[in-house]
Amino acid sequence: MGCRLELNPEHIFECFFEVEAPSEESKEPKIVRRFPEDYKDEVVDKELPKFCFPCDLSRFNPAGQFFTFVLIGLDNKQRFGFCRHPPGAKTCLCILSHLPWFEICYKMLNSLAEFKYAQQSSAGSKLLTQLYNLDVPLPGQVLRLTVSEKGSKTEFSFQCPDPRALPRIPENRNITEFFSAVDGNNMMLLFVSLLYERRVLITSEKLSRLTACVHGAASLLFPLFWQHIYIPVMPAHLIDYTCAPMPFLVGVHSSFMPRVRSNPIDEVVILNADTNEIENPFNDVATLPQDVVKSLKNNLKNTDKITQDGVHLAKSFLKTMVCLIGGYKHALKLREGGPICFSQESFLESRPPHMKECLERLLQMQHFTQFIDNRVDTMNAGDFVDDAFENEVSLSGDVYKEHLAGSSKLKDVFDSTKGNTKKGIQFLQTKAKEVKQHAKEIKVPDVNPEAMKQYWLQTKDLAKDGISDIKKKMTNKSRDTDDSSLDTRSLSNIHALTPPSHVVSSSAPASPNSSPQFERTAFNKIAVRQRPVTEANGKSKYQTVLKDDKEVITEELTTSRPRSGALDGSDAEMISKRTSASEKSRQYKVINLDETGQEADTISDDFRPESTHIDLVGDVTKALEDMGIRDMSIRGVNSGLV
């Protein structure tokens with residue numbers, strides 16, 4: 001159903017009427033003339049006179065005006081009543097037609113009024129007869145009529161409007177008057193209210209402005225058509241319709257507004273076309289996609305372009321409709337052996353998420369449902385829909401669908417690039433394996449310079465601490481000091497930090513902040529310090545305690561306990577008495593530990609303590625020599641670290 005116009009009317013107009021204004025004798029307006037004279041319609045006879053005089057025109061018609069009312073029949077089709085009120089006239093001329101030819105009918109009414117006041121009634125009848133008997137022309141076709149009266153000829157020429165075309169300024173009287181009376185922001189608010197099928201009331205003191213704003217506002221919904229109560233000018237006897245709970249779009253003369261406001265109206269959007277003021281209890285604009293609202297606002301602000309380009313105003317709203325519902329075809333489904341149908345779920349899924357709230361509401365609107373039904377029925381009938389909306393969709397495309405398609409294309413490019421990148425990574429991994437294999441074939445010292453640097457610095461610091469302790473003992477010259485005082489934090493620390501016999505090289509130098517701490521579990525071989533024990537006979541016994549679940553091994557050594565006197569003398573004498581580092585290393589028993597830190601079965605035979613002299617510097621030097629570091633400048637270690 002969609003459009004509420006009669007698509008194939010038999011005549012250009014249905015009937016012409018002359019209606020007399022109410023008088024003291026007759027409080028109701030009445031029809032005094034009609035053409036064709038045999039036209040009969042009870043509803044028209046009863047309702048049309050009241051619409052021709054919706055208010056007291058003697059008070060509110062100082063300059064004369066044109067206006068249009070609408071009658072809706074039982075078939076839900078609209079019939080337009082085009083009225084002309086000359087200033088101070090007692091009658092109203094009216095043409096009733098199924099065709100919304102505003103400009104043509106107003107022009108014909110002017111000609112008929114001229115014939116009447118020139119007392120050329122026969123010329124008026126000839127004009128009506130020719131016009132009535134003509135076949136309804138095609139859109140865009142030019143009609144020419146000639147009326148002869150008493151030797152004079154009057155020619156009439158007009159072009160039939162195209163219902164598929166957008167209304168233009170200034171050719172279209174309704175959209176021109178609407179644009180003149182209402183600013184862009186209020187236009188947008190009114191548009192959204194009609195889109196969501198609110199109850200909308202427009203009021204004005206001038207009937208021409210009133211009905212033009214109602215028709216102009218409704219036309220901006222295209223390709224949707226208002227499906228509810230539609231009364232461009234409301235007579236006095238229908239004022240109570242403003243209390244109706246269903247959606248409506250009505251025009252009320254300003255003289256009736258006190259009466260309207262006295263009624264319990266609620267949630268009604270009211271636009272005063274005389275003052276350009278709107279009362280809107282809703283915030284419907286916030287539910288529209290903000291990019292659509294921004295685009296519409298920018299278009300409506302450009303008033304120069306609106307006046308220069310006649311269709312800019314109507315096209316601005318049409319583009320908005322294209323953005324909102326232009327992708328409806330993506331939700332059309334064709335089942336095998338069945339007709340085309342519309343899927344609401346697919347429609348919502350095909351739209352961007354930020355449009356969901358707006359579209360969910362639109363799916364519940366009657367004008368959108370009628371729009372979809374009309375398009376689907378047309379397609380199932382094998383016909384092609386050709387109007388300004390479909391043309392705009394074809395020209396501008398579905399913006400959001402193109403955006404999604406662009407994202408899909410971008411994803412394809414990304415997947416392709418991802419595949420190429422994966423191949424590149426595989427190539428690099430293969431090359432890395434080849435390099436690693438080649439590195440294995442080349443004999444490279446297993447030394448990590450950065451790691452060795454850290455080992456050396458830590459060992460050097462601990463050695464200095466040990467030597468400092470020894471010098472303090474030498475200064476004290478106390479032979480009675482227990483040897484346990486040399487239990488020797490330095491000794492234990494040195495061997496706790498003794499580097500492993502072999503340092504695994506790394507592909508990257510170790511970070512100073514991330515150097516591993518030297519713990520017993522970190523090495524395969526750990527020297528366990530011997531603990532001196534003093535006996536009563538003055539002999540010294542060294543015990544090496546090995547913790548094991550099965551047994552405790554204790555070895556006694558008969559070496560005499562070293563006295564503090566052994567440390568007397570100068571540093572030179574001390575150094576001369578020192579044994580080689582290889583001999584001193586035999587002070588320590590070497591125990592093999594597995595990865596869990598447990599003791600291995602074998603004990604090194606190198607454990608042959610022969611001297612108890614302490615040589616810290618020698619021990620450190622020997623440990624480094626065993627690791628292959630003889631000169632601190634080699635293996636990439638900076639000699640300046642010493």
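Strand 8 (residues 199-204) and strand 11 run parallel and are joined by five bridges. In this pairing, Arg199 lies opposite Val268 of strand 11. The model is a predicted one, and the pairings described here are read from its coordinates.

Strand 11 also pairs with strand 12 (residues 277-279), in this case in an antiparallel arrangement with three bridges. Ile270 has Glu279 of strand 12 as its bridge partner. Strands 11 and 12 form a hairpin with four residues between the strands. Within this hairpin, Asn276 adopts a positive phi near 55°. Strand 11 spans residues 268-272, and four of these five residues are buried; the strand is therefore largely enclosed by the rest of the structure.

The relative accessibility of Ile12 is 4%, and because buried is defined as under 20% relative accessible area, Ile12 counts as buried. With residues up to four places away in sequence left out, the contacts of Ile12 are Ser97, Leu99, Trp101, Leu131, Leu134, Asp135, Val136, Pro137 and Leu143. For one of these contacts, Val136, the separation from Ile12 is 124 residues in sequence, whereas the C-alpha to C-alpha distance between Ile12 and Val136 is 5.7 Å.

Conventions:
Residues numbered from 1 in each chain as written. Predicted model: local features only at pLDDT ≥ 70, side-chain atom pairs only at ≥ 80, totals over all residues. Heavy atoms only, no water. Buried < 20%, exposed > 50% of the residue type's maximum accessible area, 1.4 Å probe, protein only. Helix = DSSP H or I, 4+ residues; strand = E, 2+ residues; numbered from the N terminus. Pairing = 2+ DSSP bridges. Contact = heavy atoms within 4.5 Å.
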